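Keep the viewer open as you read.

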Amino acid sequence: MITLISELTGTYGPSGREENIREVIERKVAGKVDEIYTDTLGNLVAVKKGKGRRIMLAAHMDEIGLIATFIDEKGFIRYSNIGGASPFYSLGQKVRFKNGVTGCVFYEQKLEEFKELKHERMYIDIGTRSREETEKLVTPGDIAVFAGDAVEQNGRFISRALDDRIGCAILIKLLEDLEDTENEIICVFTVQEEVGSRGAGTAAYGLMPDIAVAIDVTNTGDTPECKPLSVDLGKGPAVMVKDAYTISHPLVKNALIECAEKMSIPYQLEVISRGGNDAGAIHKTAGGIPSGGVSIPCRYMHSPCEMVDKSDVENTVKLLKAFVSFKF
Ligand code: CO
Ligand code: ZN
């Protein structure tokens, strides 16, 4: 699993610029499905044909990033965020542009209060000396992402972009393990989730599945002095009940719980008031699509050191395997 995770998290792919990561995923799943294509917005759709219900499983390929907005005369790059990139998590980080150019993210030294730290008061330094020199390497509109390698340690995976490359890895693993099923399985590796699930909604409209499940990460409530949350790392996949954009359809939520119980897979319930995933866009598509989510508990979301538990990842694959052959 770590080899697959390393490859997926090691690939560039901020929202709207998913071509590299899509190519990597397409190579991995092409031989395992009956049909594979990229739709208009760039979602990668991989279909395993079946005569039963048409089940859409969505994991987003894109990641958060920092987009260059202006280059000053000394060559420093001003930027703004793509998705939920926090100034605090970005400070002091090494970032990488698509062409491999590395930058240091820092802040205006005259800032006195930590809470004044905002992307507008920060910049990316790529070591150049002038605007002309920078513009040969980076121009406004180019997007940088966190740099860094994936690590497996103490039964956990630690990496940048586990949101949501871990969901992509789970769907790839599922397609590898899957025997023929009655239901049709449509795995969609979506674009632009981090800027508001823009890809998932249009993909769902194009596909009109009978049922949909978003596979994404969720925050945990098990670190020192953190906000209370019912989800812990290592206690199993979280069946989504509610987030800020979706109240899971009972049909989907109950089927997931039934599958977990029947297969003795540990699971938790996700009930959160902030944040969301692709299900938020999918369930409101067209005439409405019964949707839910399976979330992988993740510490330090949207930081360069996101952490997930290996057993949660394996149990998510098991749970989805049972779910896709469920008789609805
Ligand atoms: Co995210
Ligand atoms: Zn995500």
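Predicted model: local features only at pLDDT ≥ 70, side-chain atom pairs only at ≥ 80, totals over all residues.

## A buried aspartate

Asp163 is buried, at a relative accessible area of 5%; buried here means under 20% relative accessible area, exposed over 50%, and partly exposed in between (1.4 Å probe, protein chains only).

Residues are numbered from 1 along each chain as its sequence is written, chains are lettered from A and ligands numbered from 1 in the order in which they are written, and side-chain values use heavy atoms, with hydrogens and water left out.

## The cobalt site

So what coordinates the cobalt ion (ligand 1)? The donors are Asp163 (OD), Glu194 (OE), Glu194 (OE) and His302 (NE2), at 1.8 to 2.5 Å. A donor is an N, O or S atom within 2.8 Å of the metal (3.2 Å for Na, K and Ca), and water is not among the atoms, so sites may look incomplete. Along the sequence, the cobalt donor residues are spaced D-x30-E-x107-H.

The angles among the 4 donor atoms of the cobalt ion (ligand 1) run from 56 to 147 degrees, and the site is irregular. For reference, four donors count as tetrahedral if all angles lie between 85 and 135 degrees; four count as square planar and six as octahedral if opposite donors are over 155 degrees apart and all others between 65 and 115; anything else is irregular. The pair links distant parts of the chain: Asp163 is in helix α5 (residues 162–177), while Glu194, 31 residues away, is in the loop between β12 (184–190) and α6 (198–207). Helices (H or I, at least four residues) and strands (E, at least two) are DSSP runs, numbered from the N terminus. Glu194 is buried too, with a relative accessible area of 11%.

Asp163 bridges the zinc ion (ligand 2) and the cobalt ion (ligand 1), and the two ions lie 3.3 Å apart. His60 sits in strand β3 (residues 54–60) and Asp163 in helix α5, so this pair ties together parts 103 residues apart in sequence. Both His60 and Asp163 are buried.

## Nonpolar cores

In soluble globular proteins, nonpolar side chains tend to be buried together. A nonpolar core is a set of buried Ala, Val, Leu, Ile, Met, Phe, Trp, Tyr and Cys residues joined through side-chain atoms within 4.5 Å. The largest one has 55 residues, and those touching the most other members are Leu8, Ile25, Leu57, Ile166, Leu171, Phe189 and Phe323. Helix α5 gives this core its largest share, 9 residues. A second, separate core of 19 residues includes Leu66, Val95, Val101 and Ala144.

## The whole fold

Zooming out, the protein has 9 helices and 17 strands. Buried residues account for 55% of its 328 residues. The C-alpha trace spans about 65 × 45 × 40 Å along its principal axes.
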